[in-house]
Each structure stands twice: as C-alpha cells, then as structure tokens.
Amino acid sequence: MSEVEKAVDAFSEMNVGDAHKLLDEDKEADPNASCKDIVVTIGATVPTGFELTAADEVQEKLGSQSRISKDRGKIYFEIPVISLPQVHQLRSVDNLFVVVQEFKDYQFKETKEEALKDLEDLAKKLPWSDPLRVWKLNTSLKKKKTRQKKGIQQSNTKKQKLEGDMKGERTVKGFHEPLQNISGMASVEIQDPQKADKMVPPNEDEQSDFKEEGASNGENASGDCKRSDTEGQVLKFRVTCNRAGDNHSFTSNEAARDFGGAVQDFFQWKADMTNFDVEVLLNIHNNEVVVGIALTEESLHRRNITHFGPTTLRSTLAYGMLRLCDPQPADIIIDPMCGTGAIPIEGAAEWPNCFHIAGDNNPQAVKRTANNISSLLKQIQSKESSSGSKPIDNIQWDICSLPLRTGSVDVIVTDMPFGKRIGSKKKNWDLYPACLMEMGRICRPRTGRAVLLTQDRKCFAKALSKMGHIWRKSHTIWVNVGGLHAAIFGPSCPSLLLPSKQGTKGDYNAKGLPEYYSIENGSALPAAPPLKCRHPSPGYVTVATSPVFSKPPNCADAEKRLFMIPK
C-alpha cells in the first residue's frame with residue numbers, strides 16, 4: 001500500500017471527536033495556543049473543468065461556500081479547524097493546503113532584482129502562526145491514527161498466533177477455559193473473541209518500539225500529546241512555486257529560491273528538497289499571489305486502483321463524472337468501456353445504493369478490473385472486520401453488442417477511446433456511432449442519461465449529430481486529462497429506440513420490442529460456461545462472463561432486470 005493510500009485510510013477513519021481531543025490536549029499544553037475556534041481558508045486543487053462540481057461537494061458535505069480561483073483547477077473555502085478531518089474525505093480534490101495569505105492584486109516590480117526582493121520581504125510579514133497550528137494538527141491526526149492502526153494490526157497478529165498455538169497444542173472446548181503458559185506468557189482467560197486483542201499484552205520489543213515512536217512524535221507513554229514548540233524544532237522544508245502569466249520578470253525557480261531563503265532565515269529551518277516536513281506553496285497567477293502550507297503529501301486521486309492499465313482514469317475525474325449524472329438510489333450505472341474499472345469502483349464506494357457494472361471487450365482489462373474490485377473488498381474487510389460487499393460486478397462484452405435489455409440502464413458513464421494509446425482516430429469514426437446507437441438502446445427512455453469523456457471531439461460531435469433521434473446533448477465540460485484537452489459530454493435519452501424487425505434474428509412481441517427472458521434464479525451470470533445472449537441487432541451474438549463476487553441481495557434484482565437470457 002502506498003503512502004498516500006495509508007494517509008487516506010487514516011483520515012477516512014477520523015471523526016470530529018479525534019480533532020476535539022487533540023485540540024483539548026493542545027490547549028492544556030498551552031492555553032494561549034488553542035486553535036479550536038479558528039476559521040481558516042483551505043485551498044484545494046481539482047481536475048481542471050470540475051471546479052463547480054468540487055464546490056458543490058464542499059457545500060454538500062461541509063456546508064461552506066467555495067470561491068473558484070482565476071487560475072483554473074483551484075477552489076478556496078473557509079472551515080473551522082475542527083472540520084479538518086472531513087476535508088480529507090472529499091472525493092473530488094487532488095491536493096489540499098491551508099492558505100497563509102492571499103493577495104488578489106499584487107503589484108510586482110518591473111526589474112527582477114526588485115521583484116525578488118519584495119518576495120523575500122513578504123515572507124517575513126506573513127501571518128504564519130495559525131496556518132502552522134493547522135499543519136501541526138493535521139500531522140498529529142494522521143500520526144495518531146497511523147499508530148492506532150499499527151497497534152490494532154499488531155494485536156490482531158498476536159491474536160492469530162495465539163489461536164494457531166491453541167489449535168496446535170490442544171483442542172479448545174470453550175472460550176472460558178484458561179490458557180496456561182503459551183509462548184512464555186501468564187495465564188489469560190479469553191471471554192470474548194472480539195475482546196481478545198484487548199487482553200493480550202504486547203511483548204517488550206513492541207512496547208519499546210511504540211514508546212520510541214510516541215516520543216519521536218511528541219507524546220509520552222500514556223498517550224498524552226505534548227505540544228512541541230515550532231520555534232524549538234529543526235524542521236525540514238521546501239518551497240514549491242507554481243507560476244502562470246507573461247508579465248513576470250522572474251522564473252518559478254528563482255521565486256522559489258529567494259522566497260525559500262527568506263523563510264529559512266525567518267524560521268531557521270533546514271532546506272531539503274526530498275525528505276521535508278513542511279512544504280510551503282507559492283502560487284502566482286498573473287497578479288494573484290497565494291501563499292500556503294501543504295496538507296497532503298501526495299495527490300488524493302491515488303486511491304482504489306492497485307492494478308493499472310495504459311489509460312487508467314484518475315479517481316477524482318471518475319468521481320466528477322459520476323456526480324454530473326446525479327445518481328439516485330436503485331439506479332443501474334454501467335461503464336461499457338471500463339478499462340481498469342476506475343469509474344464503477346469509485347461509484348460503488350461513494351454511491352452504494354446503486355448497482356454498478358463494469359464491462360470491456362479486452363480480457364486483460366476485465367482481469368485488472370476484477371483484481372481492483374477484489375482489492376477494494378479486502379480493504380473493506382480489514383476496516384470493518386466483516387465480509388466486505390459492494391454492489392458491483394464486471395463482465396466481458398462487446399460495446400456494440402451488449403447483453404442487456406432494452407431500456408434497462410439508468411446511467412452510462414465511460415471514458416471513450418481517444419484513439420492515441422488505444423485504437424485509432426480512424427477507427428473511432430465507425431466505433432462512436434455504433435456505441436451511441438447501442439447505448440441509446442439500453443438506456444431508459446426520458447430519464448436515462450450518459451456522461452462520456454473523449455478527446456476526439458470532432459468525431460464524437462459528428463456521431464452525436466447523426467443520433468439526434470436518440471440522444472440530446474445537455475452540456476459539455478472541457479477538462480485537462482494528462483495534458484490533453486478533452487471534453488465531457490452529458491447527453492440525455494429523450495426517446496426509446498425501436499429496432500427494425502426486418503432482417504433481425506431476434507424474437508419480437510406484439511409491440512415490436514425484442515422478447516427476452518429473465519434469469520430464473522436471479523443469480524449472476526456464471527464464469528463458466530459462458531452464456532450466449534441474443535441481441536436485437538442483425539447477426540450479433542455476445543458471450544458474457546462474470547466473476548463471482550460477494551454482492552448485496554439487491555444485486556440479484558438488478559441483474560434480473562438487466563441481462564438477456566435466451567429461451
């Protein structure tokens with residue numbers, strides 16, 4: 001597990017009570033240094049084009065109004081310090097930082113020397129105290145949860161070892177029977193297997209390691225947090241400058257160098273470009289200057305995915321696309337070209353009341369998606385100590401011949417081939433119209449909707465213009481995907497597509513709609529043998545397979561509604 005995944009796991013388990021406790025401890029250490037009632041401005045970087053989507057999430061989850069920066073890809077919002085753990089649980093943001101001070105119209109001097117000298121003087125005048133307290137609280141929360149998680153893992157390991165020793169040496173007749181001298185320990189009476197980890201003391205080595213770690217983080221053996229004076233610490237830091245605009249007489253490196261030198265002189269910190277404790281951010285966009293302190297070490301989009309493909313979509317982008325389609329409870333959401341399954345996995349994590357299906361025609365992509373789903377379920381099991389389940393499944397299929405009922409899908413969200421790393425733009429001229437036609441068939445009339453990402457805008461616009469009787473474009477969002485200028489289209493399905501009876505091999509009822517038959521037992525499609533599914537388009541036969549995952553009971557109803565099984 002990467003460092004950012006560990007950090008995300010730690011913050012996902014936080015609550016307001018943890019922040020209250022650390023703030024109370026901080027107040028006891030120094031009554032004049034409490035930051036419980038402080039309101040700070042948080043800056044967040046988001047995928048370019050999703051600023052409004054991120055602002056809506058902040059309003060929904062934190063109740064704060066957001067301000068979108070002139071520099072695209074950033075939003076700012078104010079929160080009380082006590083809400084810091086909730087900020088880290090936002091799904092649409094990449095990086096977070098606390099704003100030290102913001103200058104909306106900073107006047108730079110014309111010469112390089114004078115402009116850089118102003119930046120040096122600025123570093124000594126900034127109000128650093130409150131942002132540094134927020135940074136220390138952020139670091140303390142993360143370290144505390146990491147230590148707690150480490151202690152739980154050690155207890156679980158020792159518990160499993162004890163259970164293994166019990167099975168090897170004797171037959172346990174009941175939980176109330178005492179165990180004598182196992183691994184050199186005193187007798188321990190286990191009354192409840194759920195509380196066994198509380199009754200098993202760690203060995204001396206583990207205790208010493210825990211004490212050393214607590215001491216290094218400013219805590220004593222009892223777990224009470226001692227306030228460490230920032231001025232008394234020798235912290236390592238670096239300055240990162242992000243600059244945009246043509247009216248500057250200096251470069252980003254020169255601004256970071258001189259501003260960082262002034263910060264070093266002011267705090268007496270040690271500069272370190274790689275192994276740093278504090279990262280100071282200097283964001284310059286034309287005449288707008290924002291100084292901040294980073295609260296995240298790596299981007300928060302690095303979650304969910306453990307098996308990557310050539311075109312893996314960032315989780316923050318996947319969340320933004322899903323949020324655009326406004327999922328409702330009991331909606332069936334599919335990604336017919338899922339790749340590694342980033343969109344359905346993000347959907348299952350954030351909207352568990354919907355049923356998510358990931359499909360692809362590439363067996364390697366289906367395998368990667370299955371591995372990513374398995375990793376997600378394992379994470380759930382480790383957190384909840386129970387059998388993890390999510391309403392998600394994946395299938396191998398052909399996008400032009402989907403084994404799904406007509407009008408059975410509520411939402412379609414997918415990242416279409418750009419024609420660069422996968423496929424070609426020449427093939428897209430045939431692929432896009434066929435995809436839109438098939439998506440229109442399976443999508444629910446009048447309420448069905450789709451969110452489609454593509455960089456081949458010309459080809460998609462041409463294909464969409466030919467499908468006016470099926471799709472109606474509602475909005476377009478321009479985004480930056482890996483340096484490519486791509487677009488997200490949000491078409492809706494105004495009417496039902498009725499396939500022509502002539503030349504079609506399917507069976508039709510009196511209304512002219514294809515006649516399909518539901519799954520008798522309501523179970524998922526088995527992995528083997530594959531089921532041949534009849535399709536209304538001429539001459540198409542699809543082979544659909546699905547690995548077996550642990551799914552909630554409502555998934556069977558969704559699959560019965562979705563899949564077409566021949567009589």
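## Helix 11

In this predicted model, the buried residues of helix 11 are Ala342, Ile343, Pro344, Ile345, Glu346, Gly347 and Ala348. That makes seven buried residues out of nine, and helix 11 is mostly covered.

## Aromatic pairs

The structure holds 10 aromatic pairs. One of them joins Tyr319 and Trp351. Their ring centres lie 5.4 Å apart and their planes meet at 20 degrees, so the pair is stacked; planes under 30 degrees apart count as such.

Where do the two residues sit in the chain? Tyr319 belongs to helix 10 (residues 315–324). Trp351 lies in the loop between helix 11 (342–350) and strand 10 (355–360). They are 32 residues apart, and the pair links distant parts of the chain. Both Tyr319 and Trp351 are buried.

## A ring cluster

Ring pairs also build a cluster. Its members are Trp128, Phe237, Phe266, Phe267 and Trp269.

## Helix 5 against helix 9

Helix 5 (residues 112–125) packs with helix 9 (residues 252–267) at an angle of about 35 degrees. Their axes are 8 Å apart. The crossing is right-handed.

Which residues make the contact? Helix 5 supplies Lys112, Leu116, Leu119, Glu120, Ala123 and Lys124. Helix 9 supplies Glu254, Ala255, Arg257, Asp258, Phe259, Ala262, Val263 and Phe266. By class, the contact has eight nonpolar residues, six charged ones and no polar ones. Phe266 of helix 9 takes part in this contact, and Phe266 is also a member of the ring cluster.

Definitions and conventions
Residues numbered from 1 in each chain as written. Predicted model: local features only at pLDDT ≥ 70, side-chain atom pairs only at ≥ 80, totals over all residues. Heavy atoms only, no water. Phe/Tyr/Trp six-rings, centres within 6.5 Å; stacked < 30°, edge-to-face > 60°. Helix = DSSP H or I, 4+ residues; strand = E, 2+ residues; numbered from the N terminus. Buried < 20%, exposed > 50% of the residue type's maximum accessible area, 1.4 Å probe, protein only. Axes fitted to C-alpha atoms, helices over the stretch in contact; angles between N-to-C directions. Left-handed = near helix turned anticlockwise from the far one by under 90°. Contact = heavy atoms within 4.5 Å. Nonpolar A, V, L, I, M, F, W, Y, C, P; charged D, E, K, R; others polar.
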